[in-house]
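Below are my comments on the model, as numbered points. Please read them with the structure open.

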Amino acid sequence: MRIGMLTGGGDCPGLNAVIRAVVRKGILHYGDEFVGFMEGWRGVIDDVTMPLNMETTSGILQKGGTILRSSRTNVKKIPGGFEKCLEVIAKHKLDALIALGGDDTQSISLALSERGVKCVGVPKTIDNDLSGTDACFGFDTAVTIATEAVDRLHSTAEAHNRVLVVEVMGRDAGWIAITSGIAGGADAILVPEVPIDIDEVCRLLKYRHDHGKKFGIVVVAEGAKFPEGGQATHGASVDSFGHVRLSGIGQQLAEEIEKRTKYETRSVNLGHTQRGGTPSAYDRMLASRYGVKAIDLVHQGKFGRLVVLKGTEISDIPLADAIAKTRTVGQDLLDVMTSLQPPKNAV
């Protein structure tokens, strides 16, 4: 079979491991040929490709980013976009298309599936918020980087008797924040699922201060927001899928904490460091399993589906189910967080 492949949306550690697994099993076990589209759906529309074979995918397992590069290209917003995609797919005589990406990327996969393209999706997002799967590759690496940063910040916060607010990624779901916050022993953790209670944040910090710890760590997801306002944004521009660029909630929070408590407070925005670098062993393994499953689905004729992890087993679900809603942090983890904090009646 001739199969196209692309990576859309934000990059993350593990993309190259998926590409490698798809190509290796496809060539070695099925005798497939592959066409790699550059920069996500933009490469399909503009017909910009690279060969994917044993040579071009050799040595990429441990590399971050994606050899196919990426972009946030919304085919729905481009006049004649779907027609152009269909034309290019027909030109390359593709029997199937494998798309690696999150809900925005997979929304295009679904739309093309409805137009007759034989698509298989692979879930990718460090935010870990794609519905229907228990884990997305890239999350483990990102949360490990965030946790290491929290660990490092403890020592400098203690040295200066400061409160440090650490802003991590997480637009609509706080998986990175709550996981790195709990793992790193943060005093307060703020996620998009729960409006920021600044009084409670200050109470937790004051409790710590009154019990001999003159420094504190707060972890906040970029999408967290105060009850009276929206998310903190960097400018008013939006990407092709209508998303504003989030940034600044950490600084806003630091200023409010210092004003209310009089504790010297600084903010740190980890930004794209969470997405870069070598993938963890877990992410390489998960990505490889996803890649093998994706090429198997192609040869089983199971199209319009997304590869997912359920418990410890790799399975698949309809693309429509995967993008129907955002997978958010559940009450179970929120309860773990509050269980590790002093209750409101503590003295």
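1. R305 and D316 meet through their side chains in a salt bridge, 2.3 Å from N to O; the term stands for a side-chain nitrogen of Lys or Arg within 4 Å of a carboxyl oxygen of Asp or Glu. The pair links distant parts of the chain, with R305 in strand β12 (residues 305–310) and D316 in strand β13 (residues 313–318), eleven residues apart. R305 is partly exposed at 22% relative accessible area, whereas D316 counts as buried at 8%. Here buried is under 20% relative accessible area, exposed is over 50%, and partly exposed lies in between (1.4 Å probe, protein chains only). Helices (H or I, at least four residues) and strands (E, at least two) are DSSP runs, numbered from the N terminus.

2. A note on the basis of these values. This is a predicted model, in which local features need pLDDT of at least 70 and side-chain atom pairs count only at pLDDT 80 or more, while totals for chains, interfaces and linings use all residues. Residues are numbered from 1 along each chain as its sequence is written, and side-chain values use heavy atoms, with hydrogens and water left out.

3. The whole structure holds 18 salt bridges. One of them joins K91 to D47, with the closest N and O atoms 2.5 Å apart. This pair also links distant parts of the chain: K91 belongs to helix α3 (residues 81–91), D47 to the loop between α2 (41–46) and β3 (49–52), and 44 residues separate them. K91 is exposed at 57% relative accessibility; D47 is partly exposed at 21%.

4. K84 forms a salt bridge with E87, the closest N and O atoms being 3.6 Å apart. The two are about one helical turn apart, because they are three residues apart in helix α3. K84 is partly exposed, at 30%. Elsewhere, D199, E256, K259 and R260 are linked in a network of salt bridges.

5. How many disulfides does the structure hold? There are zero, a disulfide being a pair of cysteine sulfur atoms within 2.5 Å. The cysteine sulfur closest to that of C85 is in C119, 9.5 Å away, which is too far for a bond. Both residues are buried: C85 has a relative accessible area of 0%, and C119 has 1%.

6. Helix α5 (residues 139–160) has 22 residues and spans 32 Å from first to last C-alpha, close to the expected 32 Å; the expected span is 1.5 Å times one less than the number of residues. Its buried residues include F139, A142, V143 and A146. Among the elements covering the buried residues of α5 are β6 (163–168), α6 (175–183) and α9 (281–300). N161 follows α5 and has a positive phi, near 55 degrees.

7. I176 lies in helix α6 and is buried at 1%. Not counting residues up to four places away in sequence, I176 touches F139, A142, V143 and A146, among others including I126 and M169; contact means heavy atoms within 4.5 Å.

8. Is R275 buried or exposed? R275, in the loop between β11 and α9, counts as buried at 14% relative accessibility. A polar atom of the R275 side chain lies 3.1 Å from the backbone oxygen of D11. Leaving aside neighbours within four places in sequence, R275 is in contact with G10, D11, C12, P13, R72, I126 and M169.

Conventions:
A polar contact is a pair of N or O atoms within 3.5 Å; within protein, one must be able to donate a hydrogen and the other to accept it, and residues adjacent in sequence count only if both atoms are side-chain atoms.
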